[in-house]
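Open the model in a viewer and keep the selection panel at hand. The stops below go from the whole chain to single residues.

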Amino acid sequence: MFAFIPLFLLGQEPGKISVEHDILPPPALATGFIAGDTIIQPDSIQLDSIQIDTTAIDSAAKPVIEDPIVYNAEDSIIISFDGQKVYMYNKASVTYQNIELTAYYIELNLQTKEIYAEGILDSTETLVQKPVFKQGSEEYESETMHYNFDTGKAFITKVVSEQGEGRLLSEKTKKISKNVFITKNAKYTTCDADHPHYYLHLSKAKVIEGNKIITGPAYMVIEDFPIYFPFLPFGYFPNSPTYSSGILVPTYGEEQNRGFFLRDGGYYWAASEYVDLAIRGDIYSKGSWGVKLHTNYRKRYKFSGGFDFKYAMNVYGDKGLVNYTRSPQFQIMWSHSQDPKSNPNRTFSASVNFSTSGYDKHNSYSANNYLRTQKSSSISYTRRFENTPFNLSVNLRHSQNSTDTTISLSLPEMTFSMAKIYPFRRKKRTGKLRFYEKFGFNYTGNMKNSITAKEYELMKKSFPQDWKNGIKHNLPISFPSFNLLKYVNFSPGIGYNEKWYFNKKNYTYSPTEVVGPNGRMGHVKIDTINGFNRVYDYSFSLSSSTNIYGMYIPRNPNSKIKGIRHKFTPSASFSYRPDFGAAHYGYWQPVQVDTTGRIEYFDVNAGGIYGGSPGMGASGAISVSLSNNLEMKVIDTKDTTSTDDKAKYKKVKLIDNLSVASSYNLIADSLNLSPISLRARTTIKGVSINMGAILDPYEVNENYRRIHKYVWNERNGIQKLGRLTRANLSFGMKFKSKKGEKEAEDKKKKIEEDKVLPGSYDDYVDFSVPWDFGFDYSFGYSGATRSAPHGRFTQTIGVRGSISLTEKWRISMNTNFDIMAHEFSFTTVNVNRDLHCWSMAFNFVPFGYMKSYSFTISAKSSMLKDLRLQKQQSHYDNF
């Protein structure tokens, strides 16, 4: 859609106004104003040679000037002998009411109430100080201008005006009334060059300010080459200063599978300043179609948001054949945000993105949407109770995996929390806190109702049987921490958790085989008993930590290394949890599992929304972790200006973190030692390296189940620290040009200073081409299992880079390669060219499900988004 700010057009050309160029010696700056019919000059200007007799003019014939006319000029102001004409030179300006006119030369005629303005050619034959006319918010520049104060009519030549994002250039323009303009041989363009690279040529047009623009025959001109097809015999364009309703023009194209199409055509309804609505549709020649609804709403200082509903029916193949499919898909999106100033204690927000699992695959036009497999939504209400420690939040949540069509819903989830309070703390405290005043606790309560199911099963699920619900209470109690020997900090604590469920499971022995708890056939029958069910657990803990520093300073005073610092952070904790498998808790039920009479224990709360019952067996675990950090201070060889000794050194991290952690259960009768976790992170010359491993100290049997037998036995000694169950390594590197902009600027200065001769080698070779290149490597290993006795390995490498051959050309690429599978994943190659007011883009996906290409030349302006040339092959043709 094209929109022009009202200005112009042509009727018959009026007679030229004769201008007298009587040059008189002027003062440095002349100013004055006209009140009624009298020209008034300041006292500083001597006009002894000019006699003005205002009584000689018939008062009945004199025009009436309603308001003063203020004028000034930098060089001179010349007043005619009859007092009816004023000639102004060099940076002249005239102001009347809300009208302001500036130009090199202005001629003011009081008798006809007309004004004439023009610019001047400088030494390079360039027209400067062109007439610039301002009236209210309207402003435009021209070559010459005639304007009548009384009628408001004007005749303008070679006018240039800003029209929103574009400009209107007209050979001849006439203002025929206050809000109506006509123009001839006009050019509309969004190019800001003096000579536009492209424009829409309008043979004639009529502009009604704040209403509409009507044009005669029009055609496109690119680089001064006229393109007569498509030819517009006439045009009608709304030109309202406020947004208004109208038709949305569709885009057109072709796909191999779905045929020719018209997309995103429809109607936009500007309902009010608070809400709007857009309805769009897609239609394909082979039967596919779609409908899209979008609305925005906003109330200033209150809230704002948007809502989208999209429905698509995708048809592939020919009806009656085996490959014929119809795939209905839909998507719902909603975003809502509240202005923070609306209510500081209550907030409501929404971010909803829900769709059928195949919507993005069949209806997305971007690679990111196509590759996305996870979606989530949240509708949230929070309330903060002023002057209290209490907060309340209510959420509706959704998440889905489009790969396996799994959907999880939480409707609703409510959380009530209390910030930490100190019940024994004095209200009016003086001095230090006493020991018991550091005692505090906080509380968090959570209620949740959720379900996880396949997309096609969701509506068939039963609320009492398939939905999971419950309430959870968490009450951590913190005791005052204390220091031992001034350096070791100890922090005791008690944790209490309680879960409320509304059913539990009952297990009984069945002589005949039934589906068991693990989904396999067995002799254990499961029944669900409805009713209130309380599950609680508690634990005690004591943690301690400290920091130990080591320093190495070289003896050589000339060493570039000032020192190496080692930070060692040991921490240890003890936690105790009773045996919740005891019969009086009722959490674990003993049941005969086979005909031999073998007994196993089953969790009566298995599958609960907050997890099952606390574990069987008491736990008295000691956890230990050791963390290391190594830094070095060296001379900064790049700092040649600083005189401060401290400023000459810089820190270099040798090891960001090297840690090891494990725990030992003092009470357990077997498998006391937990797996050993190793973590390391460092940065070497900008390369970040992360690695980790988990070692299991116990061996496994033929079924890959852990047994109480250390891997370091009498035969192996301690040659083997543990059984590797998981390992990972990742690092990445990035390179880029460092001196691109600086070298280009230095080269420019050398040329300006004539330090580089014209035609020298530097004029032809540019070594400052901006570029960047990077890659990421990732390695992973998971331990042996029954299905993978040698473990599983993963290795991937990602490569990305870009280069700007010139200021206008840019080439970029991105790819990933799976080393183990010997195949590439999503790969793109992009070529972009800046064409000033246009842009060219070539995007290529050489292989894979997204194999496609597109070549587009389009105008940059959003107003002319449909003005483009495009050739493409859609990735939908790969289906």
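**Whole chain**

The chain exposes about 53100 Å², of which carbon and sulfur atoms supply 56%; accessible areas come from the Shrake-Rupley method with a 1.4 Å probe, and for residues only the protein chains shown count as cover. This is a predicted model, where local features need pLDDT of at least 70 and side-chain atom pairs count only at pLDDT 80 or more, while totals for chains, interfaces and linings use all residues. Residues are numbered from 1 along each chain as its sequence is written, and side-chain values use heavy atoms, with hydrogens and water left out.

Colour by secondary structure: the chain has 4 helices and 55 strands. Helices (H or I, at least four residues) and strands (E, at least two) are DSSP runs, numbered from the N terminus. Of the 879 residues, 34% count as buried, where buried means under 20% relative accessible area, exposed over 50%, and partly exposed in between.

**Surface patches**

Select Phe482, Phe540, Leu542, Phe574, Tyr576, Ile622, Val624, Leu626, Tyr664, Leu666 and Ile667 to show a nonpolar surface patch of about 890 Å². Patch residues have over 30% relative accessible area and no salt bridge; like charges are joined within 9 Å, and nonpolar side chains (Val, Leu, Ile, Met, Phe, Trp, Tyr) within 5 Å. A salt bridge is a side-chain nitrogen of Lys or Arg within 4 Å of a carboxyl oxygen of Asp or Glu. Strands E36 (521-545), E38 (561-577) and E41 (619-635) each supply at least two residues of this patch, and E41 gives the largest share, 3 residues. Phe574, in E38, counts as partly exposed because its relative accessibility is 36%.

Next, select Glu100, Glu139, Glu141, Glu162, Asp192 and Asp194, a patch of negative charge on the surface. Glu139 is in strand E11 (residues 138-141).

For a patch of positive charge on the surface, select Lys562, Lys633, Lys651, Lys653 and Arg681. Arg681 belongs to strand E43 (residues 676-684) and, at 37% relative accessibility, is partly exposed.

**Backbone stops**

Most residues other than glycine have a negative phi, and most peptide bonds are trans. Which peptide bond is cis, with omega near -10°? Go to the one from Leu411 to Pro412; Pro412 sits in strand E31 (residues 406-421).

Then select Lys158 in strand E13 (residues 154-163), a residue with a positive phi of about 45° although not a glycine. Finish at Asn185, in strand E15 (residues 180-189), where phi is positive at about 55°.

Note on methods:
Lys, Arg positive; Asp, Glu negative; His and termini not counted. Charge placed at Lys NZ, Arg CZ, Asp CG, Glu CD. Buried < 20%, exposed > 50% of the residue type's maximum accessible area, 1.4 Å probe, protein only.
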